[in-house]
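This report describes a protein model for a reader who is new to structural analysis. Please keep the sequence and the three-dimensional view at hand while reading.

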Amino acid sequence: MSNDTLAEYARPFVAVDLVIFTVIDADLKLLLIRRRDPPFQGSWALPGGFVRVKDEPGDQGEDLEAAAHRELAEETGLPVGSVYLEQLHTFGKSFRDPRTRVISVAYFALVRPDLSPFVCAGGDAAEADWFSISTISEVELAFDHSSILEMALKRIRNTIDDTDISFELVPKTFTISELRAVFEVVKAQPYDPGNFRRRFHRMIDDGIIEQAPGKRITTSKPAKVYQFKNRKNSTESS
């Protein structure tokens with residue numbers, strides 16, 4: 001197909017949208033930004049932005065993954081590579097953006113609780129804030145972001161039992177109860193403490209988790225703290 005033929009086809013815009021989760025005080029949180037500009041000016045939305053494309057000969061702009069990592073860093077203020085990022089789905093319905101045809105590739109990101117206080121608004125956001133998933137239905141999101149969030153929640157709830165994404169939602173060291181709380185808030189259901197403890201010790205036997213130096217002071221007695229031996233590289237996306 002020649003360049004002249006390619007010029008006959010319309011070129012839709014391509015964007016990346018980010019569903020960013022963390023766990024704060026045993027509560028699953030979602031990062032939202034308040035839009036500074038139209039459309040949906042003043043509304044809450046998922047962070048994101050357009051993939052940068054250059055018209056210069058021989059330069060087609062940034063890769064999709066690079067755009068996702070750049071937007072994540074710009075929208076959170078956290079360094080590139082410090083947050084786990086995974087591709088979720090492509091959303092391409094007509095009129096999802098009132099301005100023009102936009103195809104969006106969505107990603108979900110998991111921010112460790114110890115990093116969440118450092119998140120700050122960036123890009124075209126007027127402000128950024130963490131919202132509890134338990135009350136997110138009360139927030140009217142811009143564009144089709146409610147559908148993107150719904151799919152992201154389904155993904156992490158369906159995979160947390162069979163993958164190591166829980167690594168990314170606890171501090172570098174954690175207690176058994178803190179890890180159990182992550183599973184409970186993500187799945188929105190309780191886990192039997194005894195059964196979870198047995199599961200936890202199987203992870204120790206399998207070489208996934210090891211005891212870390214020090215202890216956590218609790219209301220009852222000091223609790224042992226643990227760490228994952230090989231925390232997943234946050235810079236990798238699938």
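## A pair within helix 2

Glu74 and Arg70 are 4 residues apart in helix 2, so about one helical turn separates them. An α-helix has 3.6 residues a turn, so residues three or four places apart point the same way. Glu74 and Arg70 form a salt bridge, with 3.3 Å between the closest N and O atoms. A salt bridge here is a side-chain nitrogen of Lys or Arg within 4 Å of a carboxyl oxygen of Asp or Glu. Arg70 counts as buried at 13% relative accessibility, whereas Glu74 is partly exposed at 32%. Buried means under 20% relative accessible area, exposed over 50%, and partly exposed in between, with a 1.4 Å probe and protein chains only.

## Basis of the description

The model is predicted: local features need pLDDT of at least 70 and side-chain atom pairs count only at pLDDT 80 or more, while totals for chains, interfaces and linings use all residues. Residues are numbered from 1 along each chain as its sequence is written, and side-chain values use heavy atoms, with hydrogens and water left out.

## Further salt bridges

Glu74 also takes part in a salt bridge with Arg52, at 3.4 Å from N to O. This pair links distant parts of the chain: Arg52 lies in the loop between strand 4 (48-50) and helix 2 (64-76), and Glu74 lies in helix 2, 22 residues apart. Arg52 is partly exposed, at 46% relative accessibility. A network of salt bridges links Arg52, Glu62, Arg70, Glu71 and Glu74.

Another salt bridge joins the side chains of Arg99 and Asp97, at 2.7 Å from N to O. Asp97 is buried, at 6% relative accessibility, whereas Arg99 is partly exposed, at 45%. In the whole structure, a search finds 16 salt bridges.

## Overall architecture

The protein contains 5 helices and 9 strands. These elements are DSSP runs numbered from the N terminus: helices are H or I runs of at least four residues, and strands are E runs of at least two. Their order from the N terminus is α-β-β-β-β-α-β-β-β-α-α-α-β-β. The C-alpha trace spans about 70 × 40 × 30 Å along its principal axes.

Of the 238 residues in the protein, 42% are buried. Among contacts (heavy atoms within 4.5 Å) with a separation of 6 or more, 66% are between residues 24 or more positions apart. The protein has 30 positive and 36 negative side chains, and the centres of the two sets lie 8 Å apart. Lys and Arg count as positive and Asp and Glu as negative, without His or the chain ends; the place of each charge is NZ of Lys, CZ of Arg, CG of Asp or CD of Glu.

The expected span is 1.5 Å times one less than the number of residues. The buried residues of helix 2 include Ala67, Leu72 and Thr76. They pack against strand 1, strand 2, strand 4, strand 5 (84-91), strand 6 (102-110) and strand 7 (125-132). Just after helix 2, Gly77 takes a positive phi of about 80°.

Helix 4 (residues 176-187) has 12 residues and reaches 17 Å from its first C-alpha to its last, close to the expected 16 Å. Its buried residues are Ile176, Leu179, Ala181, Val182, Phe183, Val185 and Val186. Their cover includes strand 1 (13-23), strand 2 (28-35), helix 3 (145-159), helix 5 (193-205), strand 8 (209-216) and strand 9 (223-228).

## Backbone features in loops

The peptide bond from Pro38 to Pro39 is cis, with omega near -5°. Pro39 is placed in the loop between strand 2 and strand 3 (44-45).

Asp25 has a phi near 50°, a positive value in a residue other than glycine. Asp25 lies in the loop between strand 1 and strand 2 and is exposed, with a relative accessible area of 77%. Phe95 likewise has a positive phi, near 65°. Phe95 sits in the loop between strand 5 and strand 6 and counts as exposed at 79% relative accessibility.
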